Protein chains: 2
Amino acid sequence: MRIGDLSRRSGVSVPTIKYYLRDGLLPPGELTSPNQAQYGEEHVQRLGLIRALLDVGGLTVAAVREVLAAIDEPDTALHKMLGVAQHSFAPSATLPDSAELAISEARIAALLERRGWQVKPDNPSWRTAAEVLTTLRRLGFPERDDWLEAYGAAAEIIAEADVTATASAFTRESMVQALVVGTLLGDALFSALRRLAHEDASSRRFPPAD
Amino acid sequence: MRIGDLSRRSGVSVPTIKYYLRDGLLPPGELTSPNQAQYGEEHVQRLGLIRALLDVGGLTVAAVREVLAAIDEPDTALHKMLGVAQHSFAPSATLPDSAELAISEARIAALLERRGWQVKPDNPSWRTAAEVLTTLRRLGFPERDDWLEAYGAAAEIIAEADVTATASAFTRESMVQALVVGTLLGDALFSALRRLAHEDASSRRFPPAD
């Protein structure tokens, strides 16, 4: 198909497609004349992936480039691929090192120990989780281990379901894509479902007066 | 304390504090002379809340203003407050209405029905969840109801823990703050724990070759 049809099929405007082509996010089409190229289904798929990473995942163009490079690298092992995804999507640390932060890191370590999770110390989410706990403490939230434990139990249920869904994908490419996109879109889906469940739990606990 | 001490206590620079004062995010201090004001503990607390909403929650200054106004309004009922928080934090719809989106909305409705959640149709997270499902389908993900069900089960565990933690707060103000901040920081905490659980589940399912 020509670039105009690719635009209609993907819902991405022609100038934006040209920008992705120049930028290397989208592989070039097959030249049929010096000024005209043909595009295929793989371009429609790739544009969908780029838009999902940018819009739903909230990634920068630079992070999208990194993720696509990892997807396109045929030698990336699946477990390593997850590592690339984790590092690309981890928010950068915003709190400086402190004794307070070290206490939060120890709380996360104790949670991992209780639940028997095998996690390397360089996983950046360890720091992120500790920073959130520190911020909650600074805002005067009580430190409830039963609350943290519920979050751990829920994360375990979802990780198991994610990995099962990933393992059921047919091709290696779709497995890698499932890992990367599932990580981002899964966050968005879960945050929405959590808000729906909140409305239900809150209306039972704090019944509106009407 | 003077503005310099407030800056040291809160970790927020003096120019930024002045900007929040001009912008009405931070209530004015008590004037002790025409050019000098005294600030109290409530200013330290409020600055911590503003930074948490901006940095960890990723809200815009306009959204922070809306949330603070709701917190400061003494007549806001708790359940209604949750509604304000939900609407402020909901990403705006990015997909146009379509038959495809209607199918996804029906899948979310069926999930809510199975789990017995009481949720009003105008909760914006309904649309967000349906948009994520639609995006996943467009990217070629298999539509697994067992996967969606696991997300629902996990959301239920967390909503229950969140509401229990909120109900244990001592004052009405801290309850309201727990609802608002807990919604945002809870997302950040959960997303980090999910990545830690992913590493564990993935290393068991796809053992690295080494």
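A salt bridge here is a side-chain nitrogen of Lys or Arg within 4 Å of a carboxyl oxygen of Asp or Glu. One such pair is formed by the side chains of Arg195(A) and Asp187(B), at 2.9 Å from N to O. This pair crosses between chains, running from helix 9 of chain A to helix 9 (residues 172-205) of chain B; helices are DSSP runs (H or I, at least four residues), numbered from the N terminus. Arg195(A) and Asp187(B) are both buried, that is, under 20% relative accessible area, with exposed meaning over 50% and partly exposed in between (1.4 Å probe, protein chains only).

The model is a predicted one, so local features need pLDDT of at least 70 and side-chain atom pairs count only at pLDDT 80 or more, while totals for chains, interfaces and linings use all residues. Residues are numbered from 1 along each chain as its sequence is written, chains are lettered from A and ligands numbered from 1 in the order in which they are written, and side-chain values use heavy atoms, with hydrogens and water left out.

Now for the interface as a whole. With contact taken as heavy atoms within 4.5 Å, 80 residues of chain A touch 80 residues of chain B. The two chains bury about 7,500 Å² between them, and carbon and sulfur atoms give 70% of that; buried area is the accessible area (1.4 Å probe) that two parts lose on being put together, summed over both. On the chain A side, the residues losing the most area to chain B are Arg195(A), Leu196(A) and Phe206(A), which together make up 10% of what that side buries.

Charged pairs turn up here too: the rule finds 8 salt bridges across the interface of chain A and chain B. Glu160(A) and Arg204(B) make a salt bridge, with their closest N and O atoms 3.8 Å apart. Polar contacts (N or O atoms within 3.5 Å; within protein, one must be able to donate a hydrogen and the other to accept it, and residues adjacent in sequence count only if both atoms are side-chain atoms) link 19 residue pairs between chain A and chain B, both residues being at pLDDT 80 or more. Elements giving two or more residues to the chain A side include helix 3 (41-56), helix 8 (145-167) and helix 9 (172-205). Helix 9 of chain A supplies the largest share, 27 residues.

How do the two chains sit relative to each other?

Over all chains, the salt bridge count comes to 36. Within helix 7 of chain A, Arg127(A) and Glu131(A) lie 4 residues apart, about one turn of the helix, and their side chains meet in a salt bridge at 3.0 Å, N to O. Arg127(A) is partly exposed at 22% relative accessibility, whereas Glu131(A), at 7%, is buried. In chain B, the side chains of Glu156(B) and Arg115(B) pair at 2.6 Å, N to O, in a salt bridge. Glu156(B) sits in helix 8 (residues 145-167) and Arg115(B) in helix 6 (residues 99-115), so this pair ties together parts 41 residues apart in sequence.
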